[in-house]
Amino acid sequence: MAVLVAPSILSADFANLASELKRAEDGGADWIHVDVMDGHFVPNLTIGAPVVRSIRAATGLPLDVHLMITDPDRYLGDFAQAGSNYVTVHAEACLHLQRTLSQIKALGMKAGVALNPSTPEDHLQYVLGDLDLVLIMSVNPGFGGQRFIEAVVPKIARVKSMLADAGRSGVPISVDGGIDAATGKLVHEAGATVLVAGKSIYGSGDVGKAIAKLREGCANKAKTHA
């Protein structure tokens with residue numbers, strides 16, 4: 001599966017969000033990654049469904065909405081109405097994970113599960129059939145610009161194997177946290193098919209070149225191991 005690039009707007013200029021979205025779209029982004037934080041599940045507070053609705057109006061790209069919040073079930077309808085395409089919840093935040101995933105899908109969205117760096121992939125075992133996306137955190141969630149945790153790389157390969165064994169090899173595996181051209185190569189080689197990147201894209205000065213660099217790194221790695 002070809003690698004997709006999902007710029008994270010957490011590192012964008014929120015005062016000029018429409019133009020930041022256009023920079024990503026014009027630069028070849030595949031998805032827009034939207035980090036929703038509540039100050040409880042993670043130690044930071046970002047945006048909610050009203051801003052997602054505004055983002056939806058400003059771009060035609062799929063919105064990959066990552067809910068880093070407690071009790072996500074309460075807000076799924078709001079994010080569906082706001083125009084989210086993917087909604088990803090944290091396994092650690094859901095008491096009844098399969099029920100939450102079913103609710104996401106019933107609302108017309110694609111359902112993802114995120115795993116923190118220290119959360120084992122076993123949490124996915126009984127919901128493999130409900131997944132449209134797996135998001136593996138390569139930093140502890142809550143802040144942008146953190147250093148990549150290389151210990152998660154073997155987890156990516158194990159998740160890829162789990163999905164293949166369940167006949168779900170087409171489910172995208174996304175990795176979020178400290179992704180740049182170098183770490184993007186590592187995670188893509190392990191099985192990641194979606195690269196979420198914030199600082200390395202929006203902090204680069206040239207969004208299009210940064211996106212291209214991520215893709216080229218993965219393509220070069222694939223050729224090396226062909």
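Glu121 counts as buried, since its relative accessibility is 11%, where buried means under 20% relative accessible area, exposed means over 50%, and partly exposed lies in between (1.4 Å probe, protein chains only). The structure described here is a predicted model, in which local features need pLDDT of at least 70 and side-chain atom pairs count only at pLDDT 80 or more, while totals for chains, interfaces and linings use all residues. Residues are numbered from 1 along each chain as its sequence is written, and side-chain values use heavy atoms, with hydrogens and water left out.

**Salt bridges**

- The model holds 5 salt bridges, a salt bridge being a side-chain nitrogen of Lys or Arg within 4 Å of a carboxyl oxygen of Asp or Glu.
- Side chains of opposite charge can pair when their charged atoms come close.
- Glu121 takes part in one of these salt bridges, with Arg158 as its partner and a distance of 2.7 Å from N to O.
- Arg158 belongs to helix α5 (residues 153-165) and Glu121 to the loop between β5 and β6, so this pair ties together parts that are 37 residues apart in sequence; helices (H or I, at least four residues) and strands (E, at least two) are DSSP runs, numbered from the N terminus.
- Arg158 is partly exposed, at 39% relative accessibility.
- Lys105 and Asp132 also meet through their side chains in a salt bridge, at 2.9 Å from N to O.
- This second pair links distant parts of the chain, 27 residues apart, with Lys105 in helix α4 (residues 97-106) and Asp132 in the loop between β5 (110-115) and β6 (133-137).
- Lys105 is partly exposed at 34% relative accessibility, whereas Asp132 is buried with a relative accessible area of 18%.
- A further salt bridge joins the side chains of Arg23 and Glu20, at 2.5 Å from N to O, and both residues lie in helix α1 (residues 17-26), 3 residues apart, which is about one turn of the helix.
- Arg23 counts as partly exposed at 31% relative accessibility, while Glu20 is buried at 7% relative accessible area.

**The sheet and a helix across it**

- Strands of a sheet pair through backbone hydrogen bonds, either parallel or antiparallel.
- In this model, 8 strands form an open sheet with parallel pairing, in the order β1-β8-β7-β6-β5-β4-β3-β2; two strands pair if DSSP finds at least two bridges between them.
- The edge strands are β1 (4-7) and β2 (32-37), each of which pairs on one side only.
- Neighbouring strands of the sheet are turned by 25° against each other on average, direction ignored; axes are lines fitted to C-alpha atoms, for helices over the stretch in contact, and angles run from 0 to 180 degrees between N-to-C directions.
- Strand β6 pairs with β7 (residues 173-176) in the parallel sense over 4 bridges, and Val134 has Ile173 in β7 as its bridge partner.
- Helix α2 (residues 49-58) lies across β2 and β3 (63-68), and runs at about 165° to β3.

**Thr183 and the cysteines**

- Thr183 is found in helix α6 (residues 181-190) and counts as buried at 10% relative accessibility.
- Thr183 touches Phe148 and Gly178, residues up to four places away in sequence not being counted, where contact means heavy atoms within 4.5 Å.
- A polar atom of the Thr183 side chain lies 2.8 Å from the backbone oxygen of Gly178.
- The model has 0 disulfides, a disulfide being a pair of cysteine sulfur atoms within 2.5 Å.
- Cys94 is buried at 12% relative accessibility, and Cys218 is buried with a relative accessible area of 3%.

Definitions and conventions: A polar contact is a pair of N or O atoms within 3.5 Å; within protein, one must be able to donate a hydrogen and the other to accept it, and residues adjacent in sequence count only if both atoms are side-chain atoms.
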